[in-house]
Amino acid sequence: MRDARMRAEIDSTFDATAALDQMPMRAELYSVEQMEQHGRWLAGTHQVGVSASQDRLLRRLDDNEAVLVESCSVLTVAVKARLPIVPAGEWLLDNFHLIDEQIRIARRHLPKNYSRELPRLRGGPTAGLPRVYDLVLEVISHGDGRVDTEILGRFVAAYQSVTNLSLGELWAIPIMLRLALIENLRRVGARLAAARLHVNLAQDWATRMVEIASDDPKSLILVIADMARSRPPMVGAFIAELARRLQGQGPALALPLTWIEQRLAETSLTIEVMVLAENQQQASDQVSISNSIGSLRFLGAMDWREFVESVSAVEQLFKRDPTGMYEAMDFATRDCYRQVVDRLAKHSTKSEIEVARAAVELARLGAASGQNHLAHVGYYLIDAGLPQLEAAVQVRLPWWSAMRRLFARHPRSLYLPAFLLLTTLLGGAFLLFARADGVHDWTLLPIVLLSLVVASQLASALCNWLATLMVSPKRLPRLDYALGLPADMRTLVVVPCLIGSAADV
């Protein structure tokens, strides 16, 4: 027998009607070529608007977690009562530890207000959400939860053939995929839990009818009337379970099925059609659950650094570096270069592509001058050529960036005056406090000397702290020798040593 008390407690906290209102992300399945066409079409329809004032994705993640926990609780009650559950439900319960881990990862990698920095859509069902989030929704919908490298890469490349994505959007694809897959699992899980509750309801009514039919057949009509007055949900799970329990149980129990048939006839449906649709729904849910869980595992195994570089338009431009050294650098250096492009584009009217193109063009002009160091794009991104690039793309630095740059250029001219000013102000404050306490004449001299010593220490600590804020460390550019030194860079390493005898050798 089922644990009715526990099940009733779960039933009271889970909104089955609301769960049925949100369909899983299922659209027409597309091949790779169709996804490319869809990507180009989607890029033509997207319109980017202003950023939203609130971050809806984090709030939605919390809601998804709560619904998934409730859904698993409903299914767990059925398992504890030794009731059979559909295969999709078994998938959800068996892999809930993975889903819970992915939710924690998503919350950790999606800091508050992170998505507000991304371009957002204007108009449509996803208005106000990041554009890249809509892209991953399309990938999941047209793959029924399945994501792989080829489809994702070609879809993003096709989209960028019409409209380029920013570097921030490309790096946001993994976290947005994780959020969208969790959203899909929430929708399927909610439907599974709602179906389980409808099955429970059908079992309750069927049990009452079977007992009444065997003990007091005349009272069966009263039970059927009670069921009719309760307006049971005419959904596939309820009807399929009720039909399974009552069919073939005798002519008396055919009466409730006849009433069901009459109710369904109002919408041109039959019990057979509803049972078939429910079986198809269960099969579809199993595919969606298995694909989504497999895609979550794929996210952890995927090398996203390689993916971003393969689809980044900025990366393709930098590969035209006149010296050819850009491709020979390690990933950290290349990423540092791209971050400069991202920062300059945010403070300029130019796009990231235009900023990168300007850097490459300056490097070409530098190559024509015959000076090798001027022919590398890095000179204009992280070295002395940066002001030239900023002037070329009309960058307007915020005041704090201008202050940091001024401090970096003239550290002593700003540090020493600031130190002296703080020491004087702090020492003067100590002196004023002493005078206010009634200290006068020659006794002020030792107080002044001591206060200057203390004030200088405090001023030094404050200036050093401000210096760490004003000047950040710079990463030295490095070449990538992970696969060995190139032939033209090999050399002989000589280790001087003294050999005293043949035995030492």
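Mentor: In this predicted model, Arg82 counts as exposed because its relative accessibility is 79%, and exposure here requires a value over 50%.

Trainee: Where is Arg82 found, and what is its phi?

Mentor: As a general idea, most residues other than glycine have a negative phi. Arg82, which is found in the loop between helix 4 and helix 5 (87-94), has instead a positive phi, near 60°. Arg231 likewise has a positive phi, of about 50°, although it is not a glycine; Arg231 is found in the loop between helix 10 (220-229) and helix 11 (236-246) and is exposed, with a relative accessible area of 66%.

Trainee: At what angle do helix 4 and helix 9 pack, and how far apart are their axes?

Mentor: Two packed helices are described by the angle between their axes and the distance between the axes. For helix 4 (residues 56-80) and helix 9 the angle is about 35° and the axes are 8 Å apart, while the crossing is left-handed. By class, their contact has 15 nonpolar, three polar and five charged residues; among those meeting are Leu57, Arg60 and Asp63 in helix 4 and Met176, Glu183 and Arg186 in helix 9.

Trainee: What span should helix 8 have, and which of its residues are buried?

Mentor: At 1.5 Å a residue, the twelve residues of helix 8 (residues 149-160) should span 16 Å, which agrees with end C-alpha atoms that are 16 Å apart. Its buried residues include Ile151, Leu152, Phe155 and Tyr159, and the buried residues of helix 8 pack against helix 3 (32-45), helix 7 (131-141), helix 9 (167-215) and helix 14 (304-311). At the start of helix 8, a side-chain oxygen of Asp148 reaches to within 3.3 Å of the backbone nitrogen of Glu150.

Note on methods:
Residues numbered from 1 in each chain as written. Predicted model: local features only at pLDDT ≥ 70, side-chain atom pairs only at ≥ 80, totals over all residues. Heavy atoms only, no water. Helix = DSSP H or I, 4+ residues; strand = E, 2+ residues; numbered from the N terminus. Expected span 1.5 Å × (residues − 1). Buried < 20%, exposed > 50% of the residue type's maximum accessible area, 1.4 Å probe, protein only. Contact = heavy atoms within 4.5 Å. Polar contact = N/O pair within 3.5 Å; in protein donor to acceptor, adjacent residues only side chain to side chain. Axes fitted to C-alpha atoms, helices over the stretch in contact; angles between N-to-C directions. Left-handed = near helix turned anticlockwise from the far one by under 90°. Nonpolar A, V, L, I, M, F, W, Y, C, P; charged D, E, K, R; others polar.
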